[in-house]
Amino acid sequence: QVQLVESGGGLVQAGGSLRLSCAASGSIFSINAMGWYRQAPGKRRELVATITSGGITNYPDSVKGRFTISRDNAKNTVYLQLNSLKPEDTAVYYCNALVARGVGAPVGYWGQGTQVTVSS
């Protein structure tokens, strides 16, 4: 089994910054893509950022230039730096990892989520 544990959420004023972390552990051969998603109350879960094992990143326009995803492959950890936060960034942020376990196809795993609240 694989576990993803997120940390770093909290309450911040508009214009502030936060850094989220997500550490993967368990039966891991390698991790392909990792990413962050968010879900606000009453809304669908949406993509925030993804990063491949080779470091190629992808962001939607809503966060491009404000959020930065990075990863430490040796630690099986992905980070999300959130800058210039806006109240509309308020959501539960979820980590996702596509994990190869050595046999079979890679499997996607989710973390438990961490709350980010941005006050105006």
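Asp61 is exposed, with a relative accessible area of 67%, where exposed stands for over 50%, buried for under 20%, and partly exposed for the range in between, taken with a 1.4 Å probe on protein chains only. The model described here is predicted, so local features need a pLDDT of at least 70 and side-chain atom pairs count only at pLDDT 80 or more, while totals for chains, interfaces and linings use all residues. Residues are numbered from 1 along each chain as its sequence is written, and side-chain values use heavy atoms, with hydrogens and water left out.

## Salt bridges

Asp61 also takes part in a salt bridge, its partner being Lys64. The structure holds 4 salt bridges, each being a side-chain nitrogen of Lys or Arg within 4 Å of a carboxyl oxygen of Asp or Glu. Some of them are listed here.

| Asp61 | Lys64 | 3.4 Å |

Strands, like helices, are DSSP runs numbered from the N terminus, a strand (E) having at least two residues and a helix (H or I) at least four.

## The nonpolar core

A nonpolar core is a set of buried Ala, Val, Leu, Ile, Met, Phe, Trp, Tyr and Cys residues joined through side-chain atoms within 4.5 Å. The largest one in this model has 30 residues, and those that touch the most other members are Trp36, Val48, Phe67, Ile69, Val78, Leu80 and Tyr93. At least two residues of this core come from each of β1, β3, β4 (30-39), β5 (46-51), β7, β8, β9 and β11 (114-119), and the largest share, 5 residues, is that of β9.

## An open sheet

Four strands form an open sheet in the order β1-β3-β8-β7, with antiparallel pairing. Two strands count as paired if DSSP finds at least two bridges between them. At the edges stand β1 (2-7) and β7 (67-72), each with a single partner strand, so one side of each is left without a neighbour in the sheet. From one strand to the next, the twist averages 15°, where the axes are lines fitted to C-alpha atoms (for helices over the stretch in contact), and angles run from 0 to 180 degrees between N-to-C directions.

Strand β8 (residues 77-82) is joined to β3 by 6 bridges; among the partners are Leu18 with Leu82 of β8 and Leu20 with Leu80 of β8. On β7, the antiparallel pairing with β8 likewise runs over 6 bridges, and Asp72 stands opposite Thr77 in β8. These two strands form a hairpin with 4 residues between them, and in its turn Asn76 has a positive phi of about 50°. β8 is mostly covered, since 5 of its 6 residues are buried.

## The disulfide

Which cysteines form a disulfide, and how many Å apart are their sulfur atoms? The pair is Cys22 and Cys95, with the sulfur atoms 2.1 Å apart, and a search of the whole structure finds 1 disulfide (a pair of cysteine sulfur atoms within 2.5 Å). The pair links distant parts of the chain, because Cys22 belongs to strand β3 (residues 18-26) and Cys95 to strand β9 (residues 91-100), 73 residues apart. The torsion about the S-S bond is about -80°, so the disulfide is left-handed. Cys22 is buried, at a relative accessible area of 0%, and Cys95 is buried at 0%.
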